[in-house]
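These are my notes from going through one chain.

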Amino acid sequence: MATKPNGTTATDPTTNPPVNKQTYNPKSQMYNPKRIPKYRPSRRHNRRRCNCRRCFCQCCFWTILVIFVILVLAAIAGAIFYFLYRPQLPSFSISSLKISQFNLTTSPDDTTKLTTRFNVTLSTKNRNKKLVYTYDPISLTAESITNQIELANGVFPRFISAPNNVTIIHSTLSIVSQVLDVDSVSSLKSDMKSKSGLPVRILLDTKVVVQMDKLKSNKVGIRVTCDGINGPIPKGKNPTVASIANAKCKVDLRIKILRWTF
């Protein structure tokens, strides 16, 4: 009998499957100057970056910590100093102000000049029990309140103010042939017509050294402003006495940082 062919063909297990042969192309291994190599990040470079960041963070941390510790120590030292010495600013008061000369003269070329003479007496008190104040020479200025026109100036010499001590400051302020502009002349003439008298402000500028037992501070600037003074203009040779019933003096520290004064 004849056998019918089967639909499936048997494969010989002894035969090997086809293998894809790779051919060697020498051109692929040749140097190509136009070919851009692939970027591979370096691990060493990343480690350097991490180390730099750590060093920067540590420096910032220690810097902030040191500044914080210094501020805390300064606050503690300030608190101890306050409770030991109880520091207070010196007090100033004006005792009298006399105007012995006040002349406005106009020359033929329409130039107006001012000549004045003031006698002022002030007192200052050191209200501290353990602090000593050493004052530099004091610069005194009399000015009009309306337009801050300088009316007279003078200087009081250096002195030392002991604890609970009162020092009398007597000085003569003057100005000779000070040329004024038109606005200053008109403003000054308007103030001179006031019934209550010419409104005057007295300014004192100086520097002070504070001594605590064997310790001394650096020089600190102070400004004393005395307001509420009204002085009538003298009409003859007799000086006039200014009204100081409402006079008050204010003491301000003048702290200079670089070019700015506070």
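**Cysteines.** I took a disulfide to be a pair of cysteine sulfur atoms within 2.5 Å. The model is predicted, so I used local features only at pLDDT of at least 70 and side-chain atom pairs only at pLDDT 80 or more, while totals for chains, interfaces and linings use all residues. I number residues from 1 along each chain as its sequence is written, and side-chain values use heavy atoms, with hydrogens and water left out.

How many disulfides does the rule give? The count is one. I found it between Cys-226 and Cys-249, with an S to S distance of 2.0 Å. I read a torsion of about 105° about the S-S bond of Cys-226 and Cys-249, so the disulfide is right-handed. Cys-226 sits in strand 10 (residues 220-231) and Cys-249 in strand 12 (residues 248-254), and the pair links distant parts of the chain, 23 residues apart. Strands here are DSSP runs of E with at least two residues, helices are runs of H or I with at least four, and both are numbered from the N terminus.

I then checked burial at the two ends. I call a residue buried under 20% relative accessible area, exposed over 50%, and partly exposed in between (1.4 Å probe, protein chains only). Cys-226 is buried at 0%, whereas Cys-249 is partly exposed at 21%. Cys-57 is in no disulfide, and its nearest cysteine sulfur, that of Cys-60, is 6.6 Å away. Cys-59 is in no disulfide either; the nearest cysteine sulfur belongs to Cys-55, at 6.5 Å.

**Charged pairs.** Side chains of opposite charge can pair when their charged atoms come close. My criterion for a salt bridge was a side-chain nitrogen of Lys or Arg within 4 Å of a carboxyl oxygen of Asp or Glu. I counted four salt bridges in the structure.

One of them joins Arg-201 to Glu-143, with the closest N and O atoms 3.1 Å apart. Arg-201 is in strand 8 (residues 198-212) and Glu-143 in strand 4 (residues 138-144), so this pair ties together parts that are 58 residues apart in sequence. Are Arg-201 and Glu-143 buried or exposed? Arg-201 is buried, at 15% relative accessible area, and Glu-143 is buried at 11%.

Arg-201 also forms a salt bridge with Asp-227, where the closest N and O atoms are 2.6 Å apart. This pair links distant parts of the chain, Asp-227 being in strand 10 and Arg-201 in strand 8, 26 residues apart. Asp-227 counts as partly exposed, at 29% relative accessibility.

Arg-223 belongs to strand 10 and Asp-205 to strand 8, 18 residues apart. I recorded Arg-223 as partly exposed at 26% and Asp-205 as partly exposed at 24%.

**Strand pairing.** I counted two strands as paired if DSSP finds at least two bridges between them. Strand 1 (residues 91-106) and strand 2 (residues 112-125) run antiparallel over 14 bridges. Thr-106 has Thr-112 in strand 2 as its bridge partner. The two strands form a hairpin with five residues between them, and Asp-110 in the turn has a positive phi of about 65°. Strand 1 also pairs with strand 11 (residues 240-241), antiparallel over two bridges. There the bridge partner of Ile-99 is Thr-240.

**Annotated segment.** Over residues 61-85 I found 100% helix and 0% strand, with the end C-alpha atoms 36 Å apart.

I also listed a nonpolar surface patch that includes Phe-61, Trp-62, Leu-73 and Leu-84, with about 980 Å² of accessible area for the whole patch. Patch residues have over 30% relative accessible area and no salt bridge; like charges are joined within 9 Å and nonpolar side chains (Val, Leu, Ile, Met, Phe, Trp, Tyr) within 5 Å. Areas come from the Shrake-Rupley method with a 1.4 Å probe, and for residues only the protein chains shown count as cover. Leu-73 lies in helix 1 (residues 43-85) and is exposed, at 53% relative accessible area.
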